[in-house]
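User: I am new to this one. Please show me the structure, and then I will ask about it piece by piece.

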Amino acid sequence: MSLHQTTFFSYGFRPMFLGASLFAILSVLVWILTIRGAVDLPLYDDPYLWHTHEMLFGYISAVLTGFLLTAVPSWTGRTPVAGSLLLGLTVLWIAGRAAMLWGSGWNVAVVDALFLFAVLAIIAREIVASRNWRNLMVVGPVSVFALANLGFHIEVAQTGYAEYSTRAGFAGITVLLMLIGGRITPAFTRSWLKKQGSSHLPPTFGRFDAVSLLISVLALVLWIVWPDTYYCGGLLSVAAFLQAVRLGRWRGLRTFSNPILFALHGCFAMIPLGLLMLAAAPLDWAFYAAGLHVIGIAAIGGMTFAVMLRASMGHTGRPLKSDGWMNAALIALVLAAGARAAWSLWGLPAWMLDMSATLWILSFGVFAFRVGPWLLRPSKTP
């Protein structure tokens, strides 16, 4: 049997979503044990830098790749990336995680950075070959994300910190969430509400969405360069307001009986909340770390969890219905974000940080245990 005929390497979501969920568990477990002194690993020579990088450019890059490799064939009408090419991408991602675990230096930077640039090249090739110019805008944020990953290593080598590249990475993935999440969330909602017989449907992507995205991008660019200025705080506040208004137009409260769909709305709401916290950073720097983790855990973590769950169900022939375990896992992610933000804002005891990490681990543990077997087996036939 060739690699193209194997189930696991037949579609990008299978190895990437499984890898992302397992890495989400292991990376946070290793990090919390390291800072508590229970294990002793190099972790990029700095466990806090390692944690920042691996959550941002390790976990998210796998989810992003799995989503794009699954979505692009439906956008372009071309066959999905599979077989040896998908195996190569998977090995390259794993190599980056292993390199980051054991040290730092130019060789680690090269191994880690190659993955996202390879993904970028493949996605751009597919979109250009199909002349699907409408979706070419996805290449922009992915390029920023890939360059921010490379910049992370360069900045650490030169200064010992990674402030600008970390913000650039967060900005790139947040824009992608506002762009892609801002399309799939109302689209899924519209489709579901139609089936329920509702005539009150979310509007399609229009001028207001485009303007709100443009202002949000400008706010995040200013945040990358001057995060501690009141000008930045003001523009971030405007961006938060516009994204909140945008979310309010999507009829999210009507989806309460559909937990997976409701989770997309709820986690998208964490973007304007996180932006408001970042806007307040000039008043109190504690809001900076709190805002990053509200966006990172609840918005990015929650939306990627919900998207991975929905895509895995749909592409393996399962009904788009979550159960009590999955609902509890989604709630655990929001609680993890709340605990982590509270720890930053009010300097609560160390156990609050441990609780946040535990909730994150349990959430993705549920995903790996319940969804993992679906990704390894052939899809169910209708």
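User: Which residues make the nonpolar surface patch of about 290 Å²?

Analyst: This is a predicted model, and what follows is computed from it. Patch members need over 30% relative accessible area and no salt bridge. The patch covers about 290 Å². Its residues are L26, L29, L33 and V39.

User: Where does L33 sit, and is L33 buried or partly exposed?

Analyst: L33 belongs to helix α1, which spans residues 13-35. Its relative accessibility is 32%.

User: What does the C-alpha trace span, and what share of residues count as buried?

Analyst: Along the principal axes, the C-alpha trace spans about 50 × 50 × 40 Å. Buried means under 20% relative accessible area. Of the 382 residues, the buried share is 55%.

User: What share of the accessible surface belongs to carbon and sulfur atoms?

Analyst: The accessible surface of the protein comes to about 16400 Å². Carbon and sulfur atoms hold a stated part of that area. Their share is 69%.

User: Among contacts between residues at least 6 apart in sequence, what share join residues at least 24 apart?

Analyst: Contact here means heavy atoms within 4.5 Å. The count starts with pairs at least 6 apart in sequence. Of these, the share joining residues at least 24 apart is 75%.

User: How many disulfides does a search of the whole structure find?

Analyst: A disulfide is a covalent bond between the sulfur atoms of two cysteines. The cut-off for the pair of sulfur atoms is 2.5 Å. Cysteines are present: C232 is buried at 0% relative accessibility, and C267 is buried at 5%. The number of disulfides found is zero.

User: Where is A281, and how far apart are the C-alpha atoms of A281 and C232?

Analyst: A281 lies in the loop between α10 (270-279) and α11 (286-315). Its relative accessibility is 2%, so A281 counts as buried. Along the chain, A281 and C232 are 49 residues apart. Their C-alpha atoms are separated by 9.7 Å.

User: Which residues is A281 in contact with, leaving aside its neighbours within four places in sequence?

Analyst: Close sequence neighbours are set aside, up to four places away. What remains is a pair of contacts for A281: F287 and Y288.

User: How many salt bridges are there, and which residue forms one with R246?

Analyst: The count comes to eight salt bridges. One of them brings its closest N and O atoms to 2.8 Å. It links R246 in helix α8 (residues 230-248) to helix α7 (residues 207-225), 37 residues apart. The partner is D209.

User: Are R246 and D209 buried or exposed?

Analyst: The cut-off for buried is under 20%. R246 has 0% relative accessibility, and D209 has 3%. By that cut-off, R246 counts as buried, and D209 also counts as buried.

User: What is the N to O distance between D209 and R249?

Analyst: The side chains of D209 and R249 meet in a salt bridge at 3.9 Å, N to O. D209 lies in helix α7 and R249 in the loop between α8 and α9 (259-268), so the pair ties together parts 40 residues apart in sequence. R249 is partly exposed at 28%. The distance asked for is 3.9 Å.

User: Which residues does T316 touch, not counting those up to four places away in sequence?

Analyst: T316 sits in the loop between α11 and α12. It is buried, with a relative accessible area of 0%. The residues T316 touches are F13, R14, W374, S379 and K380.

Methods
Residues numbered from 1 in each chain as written. Predicted model: local features only at pLDDT ≥ 70, side-chain atom pairs only at ≥ 80, totals over all residues. Heavy atoms only, no water. Buried < 20%, exposed > 50% of the residue type's maximum accessible area, 1.4 Å probe, protein only. Patch = residues over 30% accessible without salt bridge, like charges linked within 9 Å, V, L, I, M, F, W, Y side chains within 5 Å. Areas by Shrake-Rupley, 256 points an atom, 1.4 Å probe, with all protein chains shown as cover. Salt bridge = Lys/Arg side-chain N within 4 Å of Asp/Glu carboxyl O. Helix = DSSP H or I, 4+ residues; strand = E, 2+ residues; numbered from the N terminus.
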